[in-house]
Amino acid sequence: MNILYYCWNENSAADIEQAFSNAGFSFVKVTYRPNSYDADPILEQQIDDLLHQYKFDCIYTFNYVPILSEIAQKYRIPYIAWIYDCPNLTIYSHTVTNACNYLFLFDRAMYRKTCSLGAKHAFHMPLAVQTNRLNLQLNLSGQIPAADTYSYDISFVGSLYENNLYDQIRYLPDRLHGYFDGAMRAQQEVWGYHFLEELIGDDLLKETLSYIQLEENLAYAFSPRQIIINMLDQKITSDERIRLLQKTAQTYTLDLFSGSHCNIIQNCRVHGAISYTDEMPFVFRNSKINLNISLRSITSGIPLRCLDVMGAGGFLLSNYQPELAEYFVPGEDFIYFESDEDMLAKIDYFLVHEKERKEIAENGWGKIQSGFSYEKKLGDIFSVIDFHL
């Protein structure tokens, strides 16, 4: 297998390269950030030159890049895109219907949306972690060695999204602001069911668009309603993370690893942004409790952060995510919370019940080893493609 791998400097670049090598695949990596994912002469020329120089079995990327789909269609080779972000707005490109595309989406709701857009080969595929790297880094093998001391009680790694677009729009009338604020508060009360779209009717959307100018792009099929919903999802995520972290910091020792302006959260210990491969696993392994507060745009799938925590042998306390509870056993592999009060009660319990906490962390780590390594998931991806070709 010879792969043309297009890299946009994603966090998992080194991990997928190791997985390719471990699987015995050869690959050539192209790293270039185009001005547009729809057309960029420099990137197109680079890819064309390589396809003329070498024989590739497929093109591979994390996330969907329409330029590469068009090139793969021209050369009649498969284009594999493992969708890594949610939302990934490029799936709304009209090129998504190209027959060369093999799209693997970690969020089942996003997978269904991609099918509805006319994708001919779309599949649901959870994300993965590089278990070989993590086990070597953290000396994890066979059974997780018990940690004698922990550097952190409760840790959170991620953005606060405090500069979200919704907060920058100050010219909506109070009535519209009030409606959106109420809709977002209602959504915050529910995990596992995303109903914002149902609350934005045609009349409300038309009025909103009279104040917000959205540039139409005929190459994409996403609607103005979807853009508004994505904006609201990011605002909900920001409010939710700030509120839950602030409540945690009021009672417990919270360590926050983020590039955001963390002075929003009082009484926490701020560490700044950290490296995905070099530092993050040690934070997860050396924290008694690792909090996950999902992006609201991930409506059903398992966020990569959850897999990262468990793959590092860390204890995961997460909001409810349907697929997380489907692939892992709540109470055995991880713990989820359903409200602010439930989160605080579970923090209180698991900080002092160390034996149970360690057993859960070990169970979660074991499930990652057996089902969520890159080698396992890549095997699943290429098995699907072999079946279809």
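**Exercise 1. Which element gives the most to the lining of the second largest pocket?**

Solution. Step 1: α4 gives the most, with five residues. Here helices (H or I, at least four residues) and strands (E, at least two) are DSSP runs, numbered from the N terminus. The model is predicted, so local features need pLDDT of at least 70 and side-chain atom pairs count only at pLDDT 80 or more, while totals for chains, interfaces and linings use all residues. Residues are numbered from 1 along each chain as its sequence is written, and side-chain values use heavy atoms, with hydrogens and water left out.

Step 1: A pocket is found on a 1 Å grid over the protein atoms alone, as an open set of points with protein on both sides within 12 Å along at least five of seven lines; a cavity is a set of points where a 1.4 Å probe fits but cannot get out, and lining residues have an atom within 4 Å of a point.

Step 2: The lining of the second largest pocket comprises 27 residues, of which A109, M110, H194, S297 and T299 lie nearest the centre. Two or more of the lining residues come from each of α4 (108-116), α8 (196-199), α10 and α13 (322-327).

Step 3: The volume of this pocket is about 510 Å³, where a volume is the space filled by probe spheres set on the points, and grid points are joined across faces, edges and corners.

**Exercise 2. Describe the lining of the largest pocket by element and by class.**

Solution. Step 1: The largest pocket holds about 970 Å³ of space. Its lining has 41 residues, and D85, S159, Y161, R241 and L295 are those nearest its centre.

Step 1: At least two lining residues are supplied by each of β7 (152-157), α10 (224-251) and α12 (304-311). The largest share, seven residues, is that of α10.

Step 2: For the classes, Ala, Val, Leu, Ile, Met, Phe, Trp, Tyr, Cys and Pro count as nonpolar, Asp, Glu, Lys and Arg as charged, and the others, Gly among them, as polar. The lining of the largest pocket then divides into 23 nonpolar, twelve polar and six charged residues.

**Exercise 3. Is N63 buried or exposed, and is R76 buried or exposed?**

Solution. Step 1: Buried means under 20% relative accessible area, exposed over 50%, and partly exposed in between (1.4 Å probe, protein chains only).

Step 1: N63 lies in the loop between β3 (58-62) and α3 (66-75). N63 counts as buried because its relative accessibility is 8%.

Step 2: R76 lies in the loop between α3 and β4. R76 counts as exposed because its relative accessibility is 77%.

Step 3: Most residues other than glycine have a negative phi, and most peptide bonds are trans.

**Exercise 4. Which residues does a cis peptide bond join?**

Solution. The bond joins C86 and P87, with omega of about 5°. P87 is placed in the loop between β4 (79-83) and β5 (101-105).
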